[in-house]
Amino acid sequence: MAPRSRSRGKSMSKAAKTIRKIAGNEPIVAGVILGSGLSELGDLLIDRVAIPFSELKGFPGGGVSGHGRDLFVGTLGGKRIAVLTGREHYYEHGNAAAMRPALETLSELGATTLLLTNSAGSLDPGTRPGDLMMIADHINYAGMNPLIGEPSDRRFVNMVNAYDPSLRSRAIAIGARLDISLKEGVYLWYSGPSFETVAEIQMAIRLGANAVGMSTAPEVILARMLGLRVWACSSITNMGAGLSDEHISHEHTKLMAVQGAKKLKRLIPALVEEL
Ligand code: HPA
């Protein structure tokens with residue numbers, strides 16, 4: 001059974017109450033979710049209040065190394081935002097809706113935009129480790145949908161332009177201004193936690209994907225149901241299996257994510273400033 005939604009006039013969630021009590025009542029404009037090896041982006045916040053996920057009902061369990069375990073509330077680019085320094089993945093337990101309570105909480109706190117980052121493997125020879133690939137669309141290859149069990153008609157979410165075109169063009173303009181090269185492409189969600197086989201990567205290429213990863217797509221589906229505008233960006237940490245000689249591992253992902261993080265640290269504040 002899907003958890004009851006609180007975002008339509010129902011009483012405020014326990015997590016939202018806790019956050020307001022600790023960080024204050026002023027609404028946030030956006031939520032940010034940080035992927036593997038990218039949690040240091042949270043260091044950018046000014047007047048930051050940190051709340052451990054463990055104090056927030058329904059927030060990520062913090063079971064994946066390279067992910068942070070705190071929610072930060074503070075100011076970035078002059079805007080009040082909340083940053084999740086880690087996420088929960090379908091592969092941890094088989095629940096594609098694991099991020100639903102956290103996303104509902106962000107919405108309750110006033111967020112109208114969700115910015116997501118992740119680490120991903122590239123399928124394009126022109127997009128290399130260290131590059132950023134903005135997500136233009138996704139293929140839900142894992143086949144699991146976080147809205148299975150949602151009883152209301154809200155489950156029938158329109159996914160056309162799920163990755164907001166105007167936020168994407170703004171990010172491209174910011175990238176050009178800051179000299180950050182931004183690729184754009186289709187992200188294919190494989191469940192993980194094993195990395196893909198060489199044959200699976202070849203299939204993903206034929207399906208029209210430009211990058212593969214183990215997260216983000218279910219969060220975007222949930223965010224669209226909640227009416228949040230979405231912007232998402234992959235930090236490319238490796239070429240997909242079989243496309244290069246590098247040895248793919250979680251250690252390698254965490255190590256390589258640092259390069260993308262440096263660029264995201266410049267890009268995201270400028271994007272948030274324009275929200
Ligand atoms: N596949 C899936 N997820 C990933 C990869 C990959 O190659 N790299 C980083 N996250």
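This is a predicted model: local features need pLDDT of at least 70, side-chain atom pairs count only at pLDDT 80 or more; totals for chains, interfaces and linings use all residues.
How many aromatic pairs does the structure hold? There are three of them, where a pair means rings of Phe, Tyr or Trp (its six-membered ring) with centres within 6.5 Å.

View 1. Residues are numbered from 1 along each chain as its sequence is written, and side-chain values use heavy atoms, leaving out hydrogens and water. Y90 is in the loop between strand 4 (79-84) and helix 2 (100-108), while W189 belongs to strand 7 (residues 182-189), so the pair ties together parts 99 residues apart in sequence. Helices (H or I, at least four residues) and strands (E, at least two) are DSSP runs, numbered from the N terminus. Both Y90 and W189 are buried, meaning under 20% relative accessible area with a 1.4 Å probe, protein chains only (exposed is over 50%, partly exposed in between).

**View 2. Y141 and Y190 make another edge-to-face pair.** Here the centres are 5.2 Å apart and the planes 70° apart. Y141 comes from the loop between strand 6 (132-139) and helix 3 (165-178), and Y190 from the loop between strand 7 and helix 4 (198-206), 49 residues apart. Y141 is partly exposed, at 37% relative accessibility, whereas Y190 is buried at 7%.

Definitions and conventions
Rings of Phe, Tyr and Trp (its six-membered ring) pair if their centres lie within 6.5 Å; planes under 30 degrees apart count as stacked, over 60 as edge-to-face and the rest as tilted.
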